[in-house]
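Please keep the model open while reading.

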Amino acid sequence: MSQTVYTNYWQNRIGNIRKEHGSYKTEEEAIAGIKAWWELHKENHKHVQYNRTNSGALEIVYDDKNYVYRIEKRTIEGALPKRTYRLKKAGEVESLRGKYNLNKESFLFDELPEPIRDRLILAMADINKARAHVYDSEGRLIRGLEEKVILKSNASFKNKIPNLNI
């Protein structure tokens, strides 16, 4: 079964970067998703412009013409991703914290307060996408859950260690 949805994309026109945020049933929900993202990240954009393109997409220009949100109407097969969820049990959360070696300033989706979880679901429009990240206490993304934390080696420190090959 096909259906029409409205998908949010963030675009950086300088670097030619385009990131999909989520798909929604209505354009109004898509706009609310963008505003929820801004709220989570404590972004207060004063001069927001809503421009309709020739293709029918809605571009939301904020602060600089090089950075925009674009809402495009498209047809998909099947249903939109799930937004409903059940919280994981305490044991599951602790197990995941250990598995991903999270520190006390990093939180899983299930550990965040309900209002923040609700805004994340609105912003991402997909529970699986929301659960695939690590957040700070205010719901801002730190990294993807599966991304490895890479520590840069300090070459000068390595050079000062004596050779202990015996």
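## Helix α1

Helix α1 covers residues 27-40, 14 residues in total. Its first and last C-alpha atoms lie 20 Å apart, close to the 20 Å expected at 1.5 Å a residue. The model is predicted.

Buried positions in α1 include Ala30, Ile31, Ile34, Trp37, Trp38 and Leu40. Glu27 in α1 is buried too. After the helix comes Lys42, with a positive phi near 55°.

## Aromatic pairs

A pair of aromatic rings is described by the distance of the centres and the angle of the planes. The whole structure holds 5 aromatic pairs. One of them, Trp10 with Tyr67, is stacked, at 6.2 Å centre to centre and 20° between the planes. Trp10 sits in strand β1 (residues 2-12) and Tyr67 in strand β5 (residues 64-77), so the pair links parts of the chain 57 residues apart. Trp10 counts as buried because its relative accessibility is 18%, under the 20% cut-off. Tyr67, at 28%, counts as partly exposed.

Tyr85 and Phe109 are edge-to-face, because their planes meet at 80°, over the 60 degrees required. Their ring centres are 5.1 Å apart. Tyr85 lies in the loop between β5 and α2, Phe109 in the loop between α2 and α3, so the pair ties together parts 24 residues apart in sequence. Tyr85 is partly exposed at 25% relative accessible area. Phe109 is buried at 1%.

## Cluster and charge contact

Trp38, buried in α1, also belongs to a cluster: ring pairs link Trp38, Tyr62 and Tyr69.

Tyr9 has a charge over its ring. The charged end of Arg18 sits there, 3.7 Å from the ring centre.

Note on methods:
Residues are numbered from 1 along each chain as its sequence is written. This is a predicted model: local features need pLDDT of at least 70, side-chain atom pairs count only at pLDDT 80 or more; totals for chains, interfaces and linings use all residues. Side-chain values use heavy atoms; hydrogens and water are left out. Helices (H or I, at least four residues) and strands (E, at least two) are DSSP runs, numbered from the N terminus. The expected span of a helix is 1.5 Å times one less than its number of residues. Buried means under 20% relative accessible area, exposed over 50%, partly exposed in between (1.4 Å probe, protein chains only). Rings of Phe, Tyr and Trp (its six-membered ring) pair if their centres lie within 6.5 Å; planes under 30 degrees apart count as stacked, over 60 as edge-to-face and the rest as tilted. A charge sits over a ring if NZ of Lys or CZ of Arg is within 6 Å of the ring centre and within 35 degrees of the ring normal.
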